[in-house]
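Please look over the structure shown here before reading the briefing. The notes are grouped by topic, so that each can be checked against the coordinates in turn.

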Amino acid sequence: MNDNETFERIALPHLDAVYRAAMALCGRSGDADDLAQETFLRAFKRFESFQAGTNCKAWLLQILRNIWIDRLRKKNLTGRPLPLEEAIVAEQTNENDTAWSNSEDLLENFSDEHVINALRELPEDQRLTLFLIDVEQLSQNEVAEIMEVATGTVKSRTSRGRAALKRRLASHAREMGMMRGRTNGTFN
Amino acid sequence: MEHLTEEQFENIMQGESQDVDFPHLNKCRDCRNRLAEKQAIAARLRSAFDSVKAGPALADRIRSRLTATAGPARTSQPIQRKRINHRIRQLWPAFAAAAAVLIVLVPLSLYFGGPSTARAAHAELVRIHNHNLSPDHEFYSEAEPEKLAAYFKDKLGFNPHLPEPGHGMALRGCCVNHFRGQIVGSYVVDTSQGVMSVVVVTDTPESLGISSQFTKGRQTYWKSSFAKCDMVSVRIGDYTYCAVGEISHEYLTELLSRLLPEDQE
């Protein structure tokens, strides 16, 4: 078996996970295709650095994150404004958010697109962290390695990201007339 | 009564035992509700991505790009070393000398041997392009044309024509390369159709062995293809700008036309 076949056998089964992450970051399928493809090509060039037996999905997602950061930097360098959904916005967390009384029922009223768009409105670091923890179900240690931060940071980003996602969903729900109330998620 | 911290909630979400490690949950309805809500959000987020899958065309495209990148099959099996007997070992200096002669003569014959001249030049341009995309080499990563121009001026002593960013094109950076034994400069442009390198050389398009000419506006271009890459060249002043990439000739020409001074368009 040559290198190409070995790489395809080990890495390509994670294409869906890489593509999902690309969608979470880019939001458009064409851009996600491009990001996923670049991830696999770069991974192939660096395949020698992959240690057999370790988590290939996490390795690929780390490469994807690095490419994404490069692209963001490049966009900033060229002076073109980032699309609104990519802008890094300082998040104010509200530690005193109260729980929804009917969270499961309420969440079922959102379309998949609504939920994904709400995720995409989060700041970059929270968005990818929450995606890796909740969607890809990676461990906090694995995510810490991918994001190159401490495990404690992963915990706080996940927590803040989930709270921010809740606020955005609450805001959408209010716009859709699904719920009444004030901002910051205090709805019933 | 102290409620659970956000960190403790995250630990529970990661699978730590609620009953053993967090008995508070049994007594506190508020914390139970908050945990249930976090779990519901996580589950809904997960289910929202259930239908997000890569299309078969993407998998095919990646496979074909991998095959193109890999080139001839490289084996991952360990290579069996054959034992070399003592007599052959004594002849090694002679083999080495013969190999050295071949190393010198083959490239020379490629340069001065009719159609193979073009192939050699094309191969070098494609090699430079691939080299520019390789992560493991010295590359000046910079997107501002002014800084790239300053880098070229410093390293090569001239300011090449650079495209203005925008219109789907962005500069990635530049590199100093070797072409036909000379030091040349090249820069990389990201486009919506892929990545291209523009190699700036002093050789004329004709001397590169590129025979296929065409005209756009008032400008003459030369086009060719080699190893899945298309190439388009144009002469601006004392330099030839060779755009190389797995991108159509039309798009490469479009980029080069943006480099032209107004009186040359």
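This is a predicted model: local features need pLDDT of at least 70, side-chain atom pairs count only at pLDDT 80 or more; totals for chains, interfaces and linings use all residues.

**Contact between chains A and B**
- The contact takes 44 residues from chain A and 43 residues from chain B.
- On the side of chain B that touches chain A, the elements giving two or more residues are α1 (6–13), α4 (29–48), α5 (56–70) and β2 (170–179) of chain B, and α4(B) gives the most, with 12 residues.
- By class, this side of chain B has 20 nonpolar, 15 charged and 8 polar residues.

**Helix packing in chain A**
- Helix α7 (residues 124–135) of chain A packs with helix α9 (residues 151–175) of chain A at an angle of about 100°, their axes being 8 Å apart.
- Because angles of 65 to 115 degrees count as roughly perpendicular, α7(A) is roughly perpendicular to α9(A).
- Residues of α7(A), including L130(A) and I133(A), meet residues of α9(A), among them V154(A) and L165(A), and the residues of this contact divide into 5 nonpolar, 4 polar and 5 charged.

**Paired strands in chain B**
- Strand β5 (residues 212–216) of chain B pairs with strand β6 (residues 219–226) of chain B in the antiparallel sense over 5 bridges, with F214(B) having Y221(B) as its bridge partner.
- β5(B) and β6(B) form a hairpin with 2 residues between them, and G217(B) in the turn has a positive phi of about 65°.
- β6(B) also runs antiparallel to strand β7 (residues 229–236) of chain B, joined by 6 bridges, and F226(B) stands opposite C229(B).
- The hairpin of β6(B) and β7(B) likewise has 2 residues between the strands, and A227(B) takes a positive phi near 45°.

Conventions:
Residues are numbered from 1 along each chain as its sequence is written. Chains are lettered from A and ligands numbered from 1 in the order in which they are written. Two residues are in contact if their C-beta atoms, placed from the backbone, lie within 7 Å. Helices (H or I, at least four residues) and strands (E, at least two) are DSSP runs, numbered from the N terminus. Ala, Val, Leu, Ile, Met, Phe, Trp, Tyr, Cys and Pro count as nonpolar, Asp, Glu, Lys and Arg as charged, and the others, Gly among them, as polar. Axes are lines fitted to C-alpha atoms, for helices over the stretch in contact, and angles run from 0 to 180 degrees between N-to-C directions. Angles under 35 degrees count as roughly parallel, over 145 as roughly antiparallel, 65 to 115 as roughly perpendicular and the rest as oblique. Two strands pair if DSSP finds at least two bridges between them.
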